[in-house]
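Please look over the sequence and the structure shown here, and then follow the report below, which goes from a single residue to helix packing and on to the chain as a whole.

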Amino acid sequence: MSFVTDTTSDLDARDTESEADEELDQKANLDAADEDADDAEDEADEADEAPASGGGGKAAADLFRESEIAADYVEGLLDILDYDGDIDELVVGGRPVVEVVEGGDGRRLQALVGQRGATLEALQELSRLAVFRQTGTPSRLLLDVGGYRALRRKELGAIAKNAAEKVKEYGEAVRLEPMSAFERKCVHDVINALPGVESESEGVEPSRRIVVRPTA
């Protein structure tokens with residue numbers, strides 16, 4: 001009887017160890033997936049601020065597929081929120097684009113933009129993550145709601161030109177307020193087209209900002 005009891009105890013111990021190993025393996029797989037998703041978001045943010053590169057070599061069909069995946073994700077969110085809006089799937093400048101066009105009460109869609117586009121940036125990251133989950137590759141997807149980004153691009157152009165004028169007048173560097181990757185890209189594009197000034201980013205998110213200084 002003693003022998004049977006010891007054997008049963010050994011089996012129970014092995015089962016417990018096996019279950020623990022399985023739990024550790026599952027946790028490791030989940031952690032790895034989360035790390036891959038974080039890496040995908042970081043790579044997409046870095047690409048946002050860099051010059052356009054033709055979609056990183058992706059075929060047009062692949063880029064459009066990314067916009068389709070993101071559009072389906074955004075459509076699901078709109079249904080949950082009971083918001084009315086038309087969704088356009090595009091490929092512009094070598095990158096997938098999803099535009100939510102106002103349909104009905106456009107004021108409700110502005111809630112998806114948030115203060116200075118903070119909510120829009122968060123939704124864009126979620127949409128990119130949805131694309132990454134299905135394709136396994138980082139996406140430079142650009143999400144826009146109600147034409148916000150076009151309006152913001154004009155505002156940032158004025159900010160960049162004003163900073164460049166100050167740099168030329170006083171000969172000292174000008175540090176702009178923290179901006180998203182999209183906003184920094186807009187400013188870099190304007191500064192790079194102006195003579196006598198240059199720009200670079202410094203700091204880490206969410207406090208990463210642009211410094212405009214005289215060219216050497």
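The model is a predicted one, in which local features need pLDDT of at least 70 and side-chain atom pairs count only at pLDDT 80 or more, whereas totals for chains, interfaces and linings use all residues. Residues are numbered from 1 along each chain as its sequence is written, and side-chain values use heavy atoms, with hydrogens and water left out.

Leaving aside residues up to four places away in sequence, Val 131 touches Glu 66, Ile 69, Ala 70, Gly 136 and Ser 139, a contact being heavy atoms within 4.5 Å. Val 131 and Ile 69 are 62 residues apart along the chain, yet their C-alpha atoms are separated by 5.9 Å.

## Helix 2 against helix 4

Two packed helices are described by the angle between their axes and the distance between the axes. Helix 2 (residues 60-81) and helix 4 (residues 118-135) pack at an angle of about 125°, with axes 9 Å apart; axes are lines fitted to C-alpha atoms, for helices over the stretch in contact, and angles run from 0 to 180 degrees between N-to-C directions. Helix 2 and helix 4 are therefore oblique to each other, since angles under 35 degrees count as roughly parallel, over 145 as roughly antiparallel, 65 to 115 as roughly perpendicular and the rest as oblique. The residues in contact include Glu 66, Ile 69, Ala 70 and Val 74 of helix 2 and Leu 123, Ser 127, Ala 130 and Val 131 of helix 4. By class, this contact of helix 2 with helix 4 has 9 nonpolar, 3 polar and 2 charged residues, with Ala, Val, Leu, Ile, Met, Phe, Trp, Tyr, Cys and Pro counted as nonpolar, Asp, Glu, Lys and Arg as charged, and the others, Gly among them, as polar.

Helix 4 has 18 residues and reaches 26 Å from its first C-alpha to its last, close to the 26 Å expected at 1.5 Å a residue, the expected span being 1.5 Å times one less than the number of residues. For helix 2, with 22 residues, the end C-alpha atoms are 31 Å apart, which agrees with the 32 Å that the helix should span. Helix 2 is followed by Asp 82, whose phi is positive, near 60°, and just after helix 4, Gly 136 takes a positive phi of about 80°.

## Helix 5 and its partners

The 23 residues of helix 5 (residues 148-170) should span 33 Å, and the end C-alpha atoms are 33 Å apart, which agrees. Its buried residues, among them Leu 156, Ala 160 and Val 167, pack against helix 4, strand 3 (142-145), strand 4 (174-175), helix 6 (181-192), strand 5 (197-202) and strand 6 (209-214).

The axes of helix 5 and helix 6 come within 9 Å and cross at roughly 50°, which makes helix 5 oblique to helix 6. The contact is made by residues including Leu 156 and Ala 160 of helix 5 and Phe 182 and Val 190 of helix 6, and the residues of this contact divide into 9 nonpolar, 1 polar and 5 charged.

## The chain as a whole

The secondary structure of the chain comes to 6 helices and 6 strands, which follow the pattern α-α-β-β-α-α-β-α-β-α-β-β when read along the sequence. Of the 216 residues of the chain, 34% count as buried. Among contacts in the chain with a separation of 6 or more, residues 24 or more positions apart account for 64%.

Note on methods:
Helix = DSSP H or I, 4+ residues; strand = E, 2+ residues; numbered from the N terminus. Buried < 20%, exposed > 50% of the residue type's maximum accessible area, 1.4 Å probe, protein only.
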